[in-house]
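Here is a briefing on one protein model. Please look over the sequence and the structure before reading on.

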Amino acid sequence: ILGRSLLNVDAQDARQKIENLAWVEYAAVQKLWPNTVHVSVRERKPQAMWQDAQGQFFLIDQKGTPLEQVSPVDYTKLPLLTGTDSPNEVTVILASLQRRPALYERVAVIVSVGNGRRFDLRFRNDFTAKLPEEAIAASLDRLEALGAGTGKLAESLDYIDLRDPKWAYYKPKSR
């Protein structure tokens with residue numbers, strides 16, 4: 001685009017090329033006569049890391065779109081998604097977790113079980129929560145009410161199983 005006449009600039013083509021960049025969610029390109037091209041970009045925000053079958057790590061956005069390959073030590077505050085070849089499986093659980101910031105900040109790993117059929121959450125304090133296939137939001141509400149990821153629950157329990165909507169099963173830590 002630089003140095004070209006606006007007559008030779010294809011705004012639609014430029015927009016498509018910009019949107020092909022992994023970090024770009026949306027782009028708008030406008031010709032402003034006599035000599036300006038205005039570009040607006042909405043970036044994708046990394047929401048988690050995903051580990052693929054080869055053991056490589058990628059940042060992913062809210063929709064599970066891979067943004068770039070990264071070193072896992074550079075993004076330790078983001079949850080890690082494992083156990084799936086399709087990172088877009090995580091969209092429902094990520095959206096539900098983000099509506100509960102206290103839980104989202106404490107989740108270290110989201111484990112996809114059965115090709116995204118359900119998920120296990122491993123918290124930063126070595127506590128695991130097994131979520132059901134459905135009613136994820138209700139299960140996360142139960143976890144939040146129990147203080148999951150805080151020291152008190154994790155001190156005494158190895159995991160809590162919330163797959164049954166009426167009951168919660170748990171395993172105490174070995175002493």
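A polar contact is a pair of N or O atoms within 3.5 Å; within protein, one must be able to donate a hydrogen and the other to accept it, and residues adjacent in sequence count only if both atoms are side-chain atoms. This is a predicted model, where local features need pLDDT of at least 70, side-chain atom pairs count only at pLDDT 80 or more, and totals for chains, interfaces and linings use all residues. Residues are numbered from 1 along each chain as its sequence is written, and side-chain values use heavy atoms, with hydrogens and water left out.

**Asp 52**

- Asp 52 sits in the loop between β3 and β4 (57-60); strands (E, at least two residues) and helices (H or I, at least four) are DSSP runs, numbered from the N terminus.
- A polar atom of the Asp 52 side chain lies 3.1 Å from the backbone nitrogen of Gln 54.
- Asp 52 is buried but has no salt bridge. Buried means under 20% relative accessible area, exposed over 50%, and partly exposed in between (1.4 Å probe, protein chains only). A salt bridge puts a side-chain nitrogen of Lys or Arg within 4 Å of a carboxyl oxygen of Asp or Glu.
- Which side chain of opposite charge is nearest to Asp 52? That is Arg 122, 16 Å away. Lys and Arg count as positive, Asp and Glu as negative; His and the chain ends are not counted.

**Helix α2**

- Helix α2 spans residues 91-98, and its buried residues are Ile 93, Leu 94, Ser 96 and Leu 97.
- Seen down the axis of α2, these buried residues fall within an arc of 165 degrees, so they line one face of the helix. The arc is taken from the directions between the helix axis and the C-beta atoms.
- An α-helix has 3.6 residues a turn, so residues three or four places apart point the same way.
- The cover over the buried residues of α2 includes β3 (48-51), α3 (101-106), β7 (107-113), β8 (118-123) and α4 (136-146). Contact here means heavy atoms within 4.5 Å.

- Strand β1 (residues 24-32) and strand β2 (residues 36-43) pair in the antiparallel sense over 8 bridges. Two strands pair if DSSP finds at least two bridges between them.
- Lys 31 has Val 37 in β2 as its bridge partner.
- The hairpin joins β1 to β2 through 3 residues.
- Pro 34 lies in the loop between these strands. A cis peptide bond links Trp 33 to Pro 34, with omega about 20 degrees.

- β8 is mostly covered, with 5 of its 6 residues buried.
- β7 and β8 pair in the antiparallel sense over 6 bridges. Ile 110 stands opposite Leu 121 in β8.
- The hairpin of β7 and β8 has 4 residues between the strands, and Gly 114 there takes a positive phi near 70 degrees.
- β8 and β9 pair in the antiparallel sense over 3 bridges. Arg 122 has Thr 128 in β9 as its bridge partner.

**Positive phi outside glycine**

- Asp 126 is not a glycine, yet its phi is positive, about 65 degrees. Asp 126 belongs to the hairpin of β8 and β9, which has 4 residues between the strands. At 57% relative accessibility, Asp 126 counts as exposed.
- Ala 135 is not a glycine either, and its phi is positive at about 60 degrees. Ala 135 is in the loop between β9 and α4. Ala 135 is partly exposed, with a relative accessible area of 48%.
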